[in-house]
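Hi everyone, thanks for coming. Please have a look at the model on the screen, and then I'll walk you through it.

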Amino acid sequence: MKHIAKKSILNVKPYVPGKPIEEVKRKLGLQDVIKLASNENPYGPSPHVLAAISKAAHNLNRYPDGDCYYLRQALAQHLDIEPNQLIFGNGSDELIVMAVRAFVNEGDEVVMATPSFLVYDIASKIAGANIHAVPLKNFRYDLEGMKAAITDKTKMVFLGNPDNPAGTYLSEEDVRHFLKGLRNDILIFMDEAYFEYVEAEDYVNSIRLLRTHKNIFVTRTFSKMYGLAGLRIGYGIGGPSLCDVLNRIREPFNVNSLAQVGALACLEERAYYRTIAKKISTQRRYLYESLSSMELEYVESCTNFILIKVKAKASKVAQKLLEKGVIIRDMSFWGMDHYIRVTIGTEPENQKFIQVLEEVL
Ligand SMILES: Cc1ncc(COP(=O)(O)O)c(C=O)c1O
């Protein structure tokens with residue numbers, strides 16, 4: 001069927017996710033497997049969240065609320081915005097795809113960084129866009145380079161903040177400087193999937209920017225900090241007219257009922273998630289120290305993952321780690337042949353990773 005598929009789709013390299021734990025156990029005959037490959041929260045959601053989800057399971061015969069009413073009200077209050085400034089997605093991935101579908105025509109240009117989150121590239125390619133991918137400089141966004149890549153045909157710019165795989169962030173000053181003098185008919189997509197992990201005081205306050213820039217769309221997710229990756233729920237924040245546009249192409253029941261209930265319960269659990277943020281921060285320092293003592297270079301991250309330069313081929317290192325029951329991400333797929341990306345796990349998981357990495361290297 002390839003010959004009758006849209007040409008733009010044939011340019012797409014399918015997204016390769018981190019391997020599921022069960023698959024590795026089954027294929028390699030291993031009992032003890034840890035996954036540090038998809039930047040999930042290793043502790044999972046709180047007992048209160050799990051109880052709310054179990055309770056809601058009794059109503060699975062009903063379609064979900066397509067408008068996500070209760071979650072919308074609570075989140076709007078939590079963020080101090082209006083309910084009509086929100087749109088929900090089946091993961092923030094879906095919002096990336098929806099935004100490109102709504103705004104980018106074939107032949108339009110999209111500016112993004114490279115290496116960056118792969119879904120920006122995939123969604124733009126499917127739309128038939130011409131992509132200007134601007135290399136990171138020292139693992140940070142080259143915003144001057146990205147601004148210079150903007151032309152009359154540019155429709156959209158992706159700012160992953162912090163971005164994956166580098167884990168570095170953009171400050172308030174960086175973003176304000178970038179926006180200065182930019183046309184206001186370009187959609188600035190600010191992906192803040194790791195927002196809750198960022199500790200930097202000069203991190204941009206994107207919601208405040210929305211008041212003056214109607215062309216900014218911010219996305220966040222319940223997958224990373226909140227531990228609901230398996231339920232698939234993310235949200236976008238923008239002006240009412242931007243959200244109205246996206247709402248027109250949203251599938252009627254795109255966010256399932258358990259996800260809505262789970263996300264709502266997460267908002268009531270600030271203390272639980274603050275504790276997790278602290279644990280991750282402590283573990284990040286443990287990993288930095290361990291990597292330094294192994295004389296391995298890494299990129300300082302403000303997220304729950306770390307990009308590490310290994311002294312051998314990343315694909316080999318990843319395979320050897322896998323055989324010992326540790327799933328991490330081989331960055332060769334991103335063209336980084338000597339890098340792996342590791343999600344910060346629980347204390348015993350990180351210790352196992354370091355011990356196995358030492359053996360493998
Ligand atoms: C930068 C970035 N944005 C968005 C996502 C998508 O997350 P989700 O669709 O689970 O909300 C991810 C997931 O890995 C990510 O790394």
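Let me begin with a term: two strands pair if DSSP finds at least two bridges between them. Helices (H or I, at least four residues) and strands (E, at least two) are DSSP runs, numbered from the N terminus. Residue numbers start from 1 along each chain as its sequence is written. What you see is a predicted model, so to speak of local features we need pLDDT of at least 70, side-chain atom pairs count only at pLDDT 80 or more, and totals for chains, interfaces and linings use all residues.

Now the sheet. It is open and has 7 strands, in the order S2-S8-S7-S6-S5-S3-S4, with mixed pairing. Which strands stand at the edges? They are S2 (86-89) and S4 (130-135); each has a single partner strand, so one side of each is left without a neighbour in the sheet. From one strand to the next, the twist averages 20°; here axes are lines fitted to C-alpha atoms, for helices over the stretch in contact, and angles run from 0 to 180 degrees between N-to-C directions.

Here is a bit of background: strands of a sheet pair through backbone hydrogen bonds, either parallel or antiparallel. S2 pairs with S8 (residues 234-237) in the antiparallel sense, over 4 bridges.

Next, the domains, whose bounds come from an automatic or database domain assignment. Domain 1 covers 2-44 + 270-360, and domain 2 covers 47-266. Their C-alpha centres are 23 Å apart. How many residues of domain 1 are in contact with domain 2? There are 28, and they meet 27 residues of domain 2; contact means C-beta atoms, placed from the backbone, within 7 Å. On the domain 1 side, helix H1 (7-10), helix H12 (270-293) and strand S10 (305-309) each supply at least two residues. H12 gives the largest share, 5 residues. By class, this side has 16 nonpolar, 10 polar and 2 charged residues. Ala, Val, Leu, Ile, Met, Phe, Trp, Tyr, Cys and Pro count as nonpolar, Asp, Glu, Lys and Arg as charged, and the others, Gly among them, as polar.

Finally, the ligand. It is surrounded by 14 residues, the closest being Gly91, Ser92, Asp93, Thr221 and Ser223; near means a C-beta atom, placed from the backbone, within 6 Å. That shell divides into 3 nonpolar, 8 polar and 3 charged residues.

Methods. Two residues are in contact if their C-beta atoms, placed from the backbone, lie within 7 Å.
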